[in-house]
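Here is a short briefing on one protein model. Keep the sequence and the structure open as you read.

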Amino acid sequence: MSQELSVLLVEDDLHMQLGCVQALQLADLRVDAVESAEAALALIKPGFAGIVVTDMRLPRADGMSLVRRCHELDPELPVIMITGHGDVSLAVEAMRSGAYDFIPKPFSPELLVEVVRRALEKRRLTLEVLSLRQALAARAGVAGKLVGRSPQIEAVRQLVTRIADSSVDVLIRGETGTGKELVAQALHELSGRRQAPLVALNCGGLPETLLDSELFGHEVGAFTGASKRRIGKIEHANGGTLFLDEVESMPMAVQIKLLRVLQERQIERLGSNQRIAVDCRVVAASKDDLLQRAQQGSFRSDLYYRLNVVTIDLPPLRERREDVPLLLEHFMLLAASRYGLAVPEVSAAQLRALMSHAWPGNVRELRNVADCLVLGVRNDVLGLAEAAPAAASELSLAEIVEDFEKSLIREELQRQGGNIARSAMALRTAKTTLADKIRKYRLNNESGEGE
């Protein structure tokens, strides 16, 4: 944050007030002093750029009521309580009411400065994260998903905006990591189908029988192990959008069934003769040239022409290098908000290295670099991040790795609603191993120990 944070001191004893003000000013801290809780509350608003230090004993409203009121106005605002000798019970009550810390009298100037600096750093980080989230929230619509100023990405945005609200099926072509799923999300969210589901399926790596069941669903007894009815992805996407990624890897037999669905807008679950009408828009994505595949006989030409009503070509990042700085800023904002860290400064040398990089992994690779910069860990493009946060630069390599691992686990647990089993699958680790790490990093309360 560029804004300088200040200390609001609430103390009616003028001798004590003067001593505290001098101690803080000598430590190069900005401080304002008032003599009552009422005067302090007139200055405090949500997002107050600073912290509060208050004596317990005040005229009229006391320090305890000020703590509670500050907590109501802004639960993240640190309030430090100065308590008299023997007021341990009051200090405990203040902490329960939302106080950040307490300092018992008599205290040294050094202790005051130390506690205040710690609270200011916490406040600085809180306001930084708030600012990041507000900046991200302002990036709405297609511009918030397809970030960049290059003519290539602007052309993509214009095309997406123009066709989003039509019912036409779309083919997205682009290398791995160029953002094909983001385009599908933008098409869905800008359409009249946005209240219905966007259903995504990656066709790569699934055996034909499983892909068939995933797409069309099945009835009880349709095959060995089919013990209950399953609704397929196409039926689930009824009224919404079906996104088929890596459609080039779809087996030929499934291609024939998909073509029939696109022509008739009806499906049959496996093991059933009943036809079910479906109304979904199909957005397919491929990293290969489907026309070339059709000419080679590995993709049905009639399915290609059915999907290829409108084609969106996504440029690789190496062809729109002028977008690298803006994309990097966007991804660092996302990472900083996600991990609760500050956005680091990027040096001119680092930016030159990023601009000259070939980006074989495209935008996805750049996002990984941004995560590493925010976390202050090594990445393949820049090596060890020069612009690591101060706290991370003082850690050993093992501690940095542990911090990174802890952040990844916390993020996945939050994404999975605290469910350990699903988090373990997403992180590709054994459930018992993940449970051990949750205990190690004391994430038990955050995870909710869900199964």
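Leucine 77 is buried in this predicted model. Its relative accessible area is 3%, and the cut-off for buried is under 20%.

**Around leucine 77**

- Leucine 77 sits in the loop that runs between H3 and E4.
- Which residues does leucine 77 touch, leaving aside those up to four places away in sequence? They are Ile44, Phe48, Gly50, Ile51, Val52, Cys70 and Arg123.
- Glycine 98 is 21 residues from leucine 77 in sequence. In space, the C-alpha atoms of the two are 8.9 Å apart.

**Helix H3**

- Helix H3 spans residues 63-73. Its buried residues are Gly63, Met64, Leu66, Val67 and Cys70.
- Viewed down the axis of H3, these buried residues fall within an arc of 160°, so they line one face of the helix.
- Several elements cover the buried residues of H3, including strands E1 (6-10), E3 (50-55) and E4 (79-83). Helices H2 (37-41) and H4 (88-96) are also among the covering elements.

**The parallel sheet**

- An open sheet is built from 5 strands, in the order E7-E8-E11-E6-E12. The pairing is parallel.
- E7 and strand E12 (310-313) are the edge strands, and each pairs on one side only.
- From one strand to the next, the twist averages 20°.
- Strand E6 (residues 170-173) runs parallel to E12, and 4 bridges join them. Leucine 171 has threonine 311 of E12 as its bridge partner.
- E6 also pairs with E11 in the parallel sense, over 4 bridges. Here valine 170 has valine 283 of E11 as its bridge partner.
- E8 and E11 pair in the parallel sense as well, over 4 bridges. Phenylalanine 243 stands opposite valine 283 in E11.
- Helix H7 (residues 151-163) lies across E6, E11 and E12. H7 runs at about 155° to E12.

**Strand E11**

- Why is E11 described as largely enclosed by the rest of the structure? Of its 6 residues, 6 are buried, so the strand is largely enclosed.
- Both faces of E11 are covered. On one side, Arg281, Val283 and Ala285 are buried. On the other, Val282, Ala284 and Ser286 are buried.

**The largest nonpolar core**

- In soluble globular proteins, nonpolar side chains tend to be buried together.
- The largest nonpolar core here has 29 residues. Leu215, Ile234, Leu242, Leu244, Met250 and Leu307 have the most contacts inside it.
- Three strands each supply at least two residues of this core: E7 (198-202), E8 (241-245) and E11 (281-286). Helices H9 (208-216), H11 (252-264) and H13 (301-307) each supply at least two as well.
- H11 gives the largest share of this core, with 5 residues.
- Isoleucine 234 touches Leu215, Phe216, Leu242, Val261, Ile267, Val278 and Cys280. That list does not count residues up to four places away in sequence.

**Glutamate 214**

- Glutamate 214 lies in helix H9.
- Is glutamate 214 buried or exposed? Glutamate 214 is buried, because its relative accessible area is 15% and the cut-off is under 20%.
- Glutamate 214 touches Leu201, Leu206, Arg230, Gly232 and Lys233, again not counting residues up to four places away in sequence.

Note on methods
Residues are numbered from 1 along each chain as its sequence is written. This is a predicted model: local features need pLDDT of at least 70, side-chain atom pairs count only at pLDDT 80 or more; totals for chains, interfaces and linings use all residues. Side-chain values use heavy atoms; hydrogens and water are left out. A nonpolar core is a set of buried Ala, Val, Leu, Ile, Met, Phe, Trp, Tyr and Cys residues joined through side-chain atoms within 4.5 Å. Buried means under 20% relative accessible area, exposed over 50%, partly exposed in between (1.4 Å probe, protein chains only). Contact means heavy atoms within 4.5 Å. Two strands pair if DSSP finds at least two bridges between them. Axes are lines fitted to C-alpha atoms, for helices over the stretch in contact, and angles run from 0 to 180 degrees between N-to-C directions. The arc is that of the directions from the helix axis to the C-beta atoms.
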